[in-house]
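Welcome! Take a moment to turn the model around, and then we will walk through it together.

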Amino acid sequence: MKTKNMVKKISILKPCLFLIFLCINSVFSGQDIDRILNSKAFSHNGSVVLNAMSNFGQNSSNSFTYVLFGHYTPEFFGIALPFSMMYSNQKFSYGQPFSSWQFAPSYRWIRTQFGEANVQFSPYSLSGHRFRGAVIDVKPNPHWEITALYGRLNDYRKADSNGQNGSLLRLCYGAKIAYNSSTYSVSSSFFKAKDVTHATVDLAPQENVVLAFSGHWTLTKNIRVSGDLASSALTKNTNDERVHSDFKIPNWVGLCLPYRLSTSVFHAYKINIGSPFLNVGYEYVAPHYHSLGAHYFTNDFENFTVNGLHKFRNIAIGGRFGVQNDDPKNQKINSNRRFVYAANLDYSGNSRIFGQLNYSTFQTISRVERFLTEFENTNSYASLDTIVFRKVEQHGDITIGYRFRENEHSQQQIQWFVSMQSASQNGRFITSSMNYAWSQKGGKNLGASAFLHHDAFADESRSSFGLTAFFGNTFSEKHGHWRITVSETLDIYNRRNSLILKASTSYVFRKKHPIQMQFSQRFGKDYSAMVSFSYGYSFGR
């Protein structure tokens, strides 16, 4: 009886939904309306994951931490409404218990985002900067796509007792329109960000407008031309006096933001002509170029590069060569014009031997962190919002491996790896490791490895050496797995060594409840122990 009543209610509800969607947007096709009305009235899926960790010992600053992740996606007549959240006992930069959330409903060619969002406009405009707000992306056909956004880049934060680490509320909005075809594509974007003044923060409010254009054109089957162009108008202090602009094209600046004493206009562009075997590119970024839509910019340079790739038999060789000038306008006392290059080699011909070699002297911005053991990094969740970027000037790595003869019961291989980085502030990082692994199809696995790590910042350096061995197996018809690991680490600089014992186990209960537990203990002068627990649950119908 209840089932008949439910079917009757749904049959009454479907015509109402049809009228609602028809009134909202008259361009919805009948075929899509039928798809919605023929879908289930309601379905849902989601998951919950709890991670907890407790530290014991002299160096444990926080004895207990936990993070709860969750997402839930209800679906009404084929329209999905995903939600996600994260809660922790840590005090992140957000002033609320939910450090991130997202609501992203979509229908046909309309996609939206509410909450935490990340949109890519241009490498010189809005790029890699997450914000909290709203995004709508409309793609009515394969050719046209329009994106609009509004949100908050930075939150207001009062400075600490030393007058540092304060920030102003920074709002932003923008739009991008793109057209794509089989032979060419063009797009243009507008982005604006502005700080909201606050009496308690002694910071100069900024304002920024960026206009960007990009596109590509396929001339023939093997030749393609692509490029990006951007102009950024940045006011470093919106409290400055307004002045008349002597910029050559002042109209768009005057329409987008008031021209003040601290307003400057910068340009950046790049072009690339490429084929499957050879690419030629040129990139220029003006001195002091900056956009508030990105965390960091490398500016005041021009690069002329030539890229090549060639494959023969089982070897692939690639190279990138060029000239890099860090003072294109001759404004520096000490300028640097240097020949830069990058090369990579990949060998995978023999089924047993494999290897790869990479080296580059191109300057890039990369996230670089010092090497820490699991005991030194006592709070693994506090680094989620930490951003440590440095300018990497050189990078190289090599990997060589050998696979032993396999059979139907087991397989094994050995691998050697070396990595080197040279970063800003005299930072140097060298890591080398030798690894051996053996696994059996029944579930048994064992391995051993040795590593050597060295890092240095300015006058401070540190080296460490370690040996590790592990053995593991499955149980309960491969629903569970356990592993025991023993490692010895030697801090060469401090002449201190430690023995670490780790035991871990995992089990999946009824295919929906993964559970994982781990215990680690360090024996030595500084006693430390760590216990971690993870539980997950997934549901849906």
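Accessible areas come from the Shrake-Rupley method with a 1.4 Å probe, and for residues only the protein chains shown count as cover. By that method, the protein chain exposes about 31900 Å², with carbon and sulfur atoms supplying 58% of it. Please keep in mind that this is a predicted model: local features need pLDDT of at least 70, side-chain atom pairs count only at pLDDT 80 or more, and totals for chains, interfaces and linings use all residues. Residues are numbered from 1 along each chain as its sequence is written, and side-chain values use heavy atoms, leaving out hydrogens and water.

Let's begin with the overall picture. The protein chain has three helices and 29 strands; helices (H or I, at least four residues) and strands (E, at least two) are DSSP runs, numbered from the N terminus. Of the 541 residues in the protein chain, 34% are buried, where buried means under 20% relative accessible area, exposed over 50%, and partly exposed in between (1.4 Å probe, protein chains only).

Now look inside. In soluble globular proteins, nonpolar side chains tend to be buried together. A nonpolar core is a set of buried Ala, Val, Leu, Ile, Met, Phe, Trp, Tyr and Cys residues joined through side-chain atoms within 4.5 Å. The largest one here has 26 residues, and V119, Y124, F131, L149, F191 and Y289 touch the most other members. Strands that each supply at least two residues of this core include β8 (131-138), β9 (144-154) and β11 (184-196). Which residues does Y289 touch, not counting those up to four places away in sequence? Among them are Y124, V210, F266 and F297, a contact being heavy atoms within 4.5 Å. A second, separate core of six residues includes V209, A233, C256 and L257.

Two strands pair if DSSP finds at least two bridges between them. Strand β27 (residues 496-509) pairs with β28 (residues 513-523) in the antiparallel sense over 11 bridges, and L501 has Q521 in β28 as its bridge partner. The hairpin of β27 and β28 has three residues between the strands, and R510 in the turn has a positive phi of about 55°. β28 also runs antiparallel to β29 (residues 528-540), joined by eight bridges; there, Q521 stands opposite A529. Four residues lie between the strands of this hairpin, where G524 takes a positive phi near 160°.
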